[in-house]
Structure formats: structure tokens, C-alpha cells
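I opened my notebook to look up a few things in this structure. Here is the model that my entries go with.

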Amino acid sequence: MADTLTSPMHVEIMSPDGAVYTADGVEMVVARAIDGEFAVMKGHLPLVAALTIAPVRVKKDGKEKQIAVFNGFLEINDDRVNIVSPQVEMAEDIDVARAQAAKKRAEERLASKSADIDTDRAQLALNRALLRLRVTKSL
Ligand code: ATP
């Protein structure tokens, strides 16, 4: 089991509704910035990164938790990792059937290639659905 004295990162994930996830003794955080995935461990230099629609993986006590983060920013300072995002969902709050239906809808829209379809909007809806399915391990 990890010793929190050697892995004392503090993680806070905030949405406009307030803190969605807070933890001490975190060993590692993995997130995806617009230029790729990166990992944060104790002693990381200060950083601000713009996040995409992707899981944030938090490793604590040897176990990994995945949290759905829909854009936003990650800031590292003094072994504190702060994520501020317009939308954050914990796996246990995600309705898998709804996300599967949203995925199907978005894929059908993208496949139709109709002039009436807003492709960017359909792609973003697909990205949101895939993220929900990924963090609930339903893909
Ligand atoms: P849908 O087409 O199913 O509404 P969406 O990606 O368009 O999906 P959003 O616009 O991202 O939905 O979210 C609208 C609200 O619905 C938010 O509060 C979001 O947390 C919630 N929500 C969307 N999909 C799910 C889901 N599968 N499970 C739980 N809450 C969801």
C-alpha cells in the first residue's frame, strides 16, 4: 500500500457546482491536454494545461479511479493538482444506457453525411458519450 508521506499530492476537481472530487495522498494523476496525455507525480514543476474531453485517472492506494472531465484546465502547484472544468461526472453518476443511446445517435448523424447535420456538434456529442462509456468501463 502506498505511503501517503511519500505520495502526498492533493487533488481537487471543481465544476461550476463546486468540488466534485477531492483526495489527499494521491500517487499519480493522468490527464489529456490538447497536445497529448500526461502524468503528474509528486514534485512536478508548476504547470497549467488545457484539458480535452477525456478521463482524468487518479491513482491512490494502488487503485485507479476514472473521472469524466469535459474540457477545462489543470493546474499543478506545490503538489496540489487543481482541475476546473465546466462539466465533471463521476462514473457512479453516469447513466450507461443514456450514453449508449447518445453514442448511437451521434454515430448515425455522422454516418448520414446529410447537409443538415452539424458535424462538429455530432462529433462533440460522440466524444462526450465515448468518455462516459470509457469511465464506466462500458466500451
Ligand atoms: P444526451 O444527448 O444524452 O443529453 P449530452 O452529451 O448531449 O447527452 P450534455 O449536454 O453533456 O449531454 O449534458 C446535459 C446534462 O445531462 C448534464 O447535466 C450531464 O451531466 C447530464 N448527462 C448527460 N448524459 C448523461 C449520462 N449518460 N448520465 C448521466 N448524466 C448525463
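**Entry 1: around the ligand**

I began with glutamine 87, where a polar side-chain atom lies 3.2 Å from an oxygen atom of the ligand. I count a polar contact as a pair of N or O atoms within 3.5 Å; within protein, one must be able to donate a hydrogen and the other to accept it, and residues adjacent in sequence count only if both atoms are side-chain atoms.

A note on what I am reading: this is a predicted model, so I use local features only at pLDDT of at least 70 and side-chain atom pairs only at pLDDT 80 or more, while totals for chains, interfaces and linings use all residues. Residues are numbered from 1 along each chain as its sequence is written, and side-chain values use heavy atoms, with hydrogens and water left out.

Arginine 128 has a side-chain N or O atom 2.7 Å from an oxygen atom of the ligand. For arginine 132, I found a polar side-chain atom 2.8 Å from a ligand oxygen atom. The ligand on its own has 590 Å² of accessible area, and the protein covers 63% of that. These areas come from the Shrake-Rupley method with a 1.4 Å probe; for residues, only the protein chains shown count as cover.

Which residues are around the ligand? I listed Gln87, Glu89, Asp93, Ile94, Asp95, Arg98, Ala99, Arg105, Arg128 and Arg132.

**Entry 2: the helices**

Helix 1 (96-112) and helix 2 (119-135) each supply at least two residues of the ligand shell. Which helix gives the most to the shell? It is helix 1, with three residues. Helices (H or I, at least four residues) and strands (E, at least two) are DSSP runs, numbered from the N terminus.

I then checked the length of helix 1. Its 17 residues, at 1.5 Å a residue, should span 24 Å, and the end C-alpha atoms are 24 Å apart, which agrees. The expected span is 1.5 Å times one less than the number of residues.

Then I asked which residues of helix 1 are buried. I found Ala99, Ala102 and Ala106 buried in helix 1. They cover an arc of only 60° around the axis, so they sit on the same side of helix 1. That arc is taken over the directions from the helix axis to the C-beta atoms. On the other side of helix 1, Ala97, Lys104 and Ala111 are exposed. Buried means under 20% relative accessible area, exposed over 50%, and partly exposed in between (1.4 Å probe, protein chains only).

**Entry 3: the chain as a whole**

I stepped back to the whole protein chain and counted two helices and seven strands. From the N terminus on, the order is β-β-β-β-β-β-β-α-α. The C-alpha atoms fill a box of roughly 55 × 25 × 25 Å along the principal axes. Of the 139 residues, 38% count as buried.

**Entry 4: single residues in the strands**

Proline 55 is in strand 4 (residues 47-60), and I noted it as buried, with a relative accessible area of 12%. Its C-alpha is 9.4 Å from that of lysine 65, ten residues apart in sequence.

Threonine 52 also lies in strand 4. At 18% relative accessibility, threonine 52 counts as buried.

In strand 2 (residues 18-33) I looked up tyrosine 21, which counts as buried at 11% relative accessibility. The C-alpha atoms of tyrosine 21 and methionine 90 are separated by 8.2 Å, although these residues are 69 apart along the chain.

**Entry 5: two positive phi values**

Aspartate 61 is not a glycine, yet has a positive phi of about 50°. I found aspartate 61 in the loop between strand 4 and strand 5 (63-77), partly exposed at 33% relative accessibility.

Lysine 137 also has a positive phi, near 55°. Lysine 137 lies in the segment after helix 2 and is exposed, with a relative accessible area of 64%.

Definitions and conventions
A residue is near a molecule or strand if one of its heavy atoms lies within 4 Å of it.
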